[in-house]
Amino acid sequence: MNRKKIIQILFSNLKYTDEQKDIIVQLEEAKLQWEVAKKYFAVADDPKLIDYAIFREDQCKAKYIYFLVEAKKKGVTIDASYMIEELDAINI
């Protein structure tokens, strides 16, 4: 699934402020970084690399949670149910 395309669809269909758009983009980037950090931890085999992987995963998770809290404070809500037909139409 193409995450950038989904964000574009969100922004084209809903009216978000620039601040809300920024939070959504930052939240998505933080989520991707967290996923990468989890994968890195899964393959790390040297004790020093494992320590780094744990640190990095914790850091990415904290950043993701921060942007979740900010999204809630700013009233950002995303209801993806309206996107299903459009996503099917473009074959993502």
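These are my notebook entries on one predicted protein model.

I'm working from a predicted model, where local features need pLDDT of at least 70, side-chain atom pairs count only at pLDDT 80 or more, and totals for chains, interfaces and linings use all residues. Residues are numbered from 1 along each chain as its sequence is written, and side-chain values use heavy atoms, with hydrogens and water left out.

**Entry 1: overall fold**

I looked up the secondary structure and got 4 helices and 0 strands. My helices (H or I, at least four residues) and strands (E, at least two) are DSSP runs, numbered from the N terminus. Along the sequence the pattern reads α-α-α-α.

I then checked burial, where buried means under 20% relative accessible area, exposed over 50%, and partly exposed in between (1.4 Å probe, protein chains only). Of the 92 residues in the chain, 25% come out buried. The accessible surface (Shrake-Rupley, 1.4 Å probe; for residues, only the protein chains shown count as cover) is about 6,800 Å², and carbon and sulfur atoms hold 56% of that.

For contacts (heavy atoms within 4.5 Å), I took those with a separation of 6 or more: 69% of them join residues 24 or more positions apart.

On H3 the buried set is Ala53, Cys60, Tyr64, Phe67, Glu70 and Ala71. What do the buried residues of H3 pack against? They pack against H2.

Glu28 and Phe67 sit 39 residues apart in sequence, with their C-alpha atoms 9.1 Å apart.

**Entry 2: the ends of H3**

Asp46 caps the N-terminal end of H3, with a side-chain oxygen 2.9 Å from the backbone nitrogen of Lys48. I use polar contact for a pair of N or O atoms within 3.5 Å; within protein, one must be able to donate a hydrogen and the other to accept it, and residues adjacent in sequence count only if both atoms are side-chain atoms. After H3 comes Gly75, with a positive phi near 75°.

**Entry 3: salt bridges**

How many salt bridges does the rule give? I count 2, taking a side-chain nitrogen of Lys or Arg within 4 Å of a carboxyl oxygen of Asp or Glu.

Glu19 pairs with Lys74, their closest N and O atoms being 3.2 Å apart. This pair links distant parts of the chain, 55 residues apart: Glu19 is in H2, and Lys74 is in the loop between H3 and helix H4 (83-90). Glu19 is partly exposed at 45% relative accessible area, and Lys74 is partly exposed at 34%.

Lys73 and Glu70 make another salt bridge, at 3.4 Å from N to O. Both lie in H3, 3 residues apart, about one turn of the helix. An α-helix has 3.6 residues a turn, so residues three or four places apart point the same way.

**Entry 4: a nonpolar patch**

I found a nonpolar surface patch made of Tyr40, Val43, Leu49, Tyr52 and Phe55, with about 500 Å² of accessible area together. Patches are built from residues with over 30% relative accessible area and no salt bridge; like charges are joined within 9 Å, and nonpolar side chains (Val, Leu, Ile, Met, Phe, Trp, Tyr) within 5 Å.

Tyr40, in H2, counts as partly exposed at 32% relative accessibility. Tyr52, in H3, is partly exposed at 43%. Tyr52 and Tyr40 are 12 residues apart in sequence and 9.7 Å apart in space, C-alpha to C-alpha.
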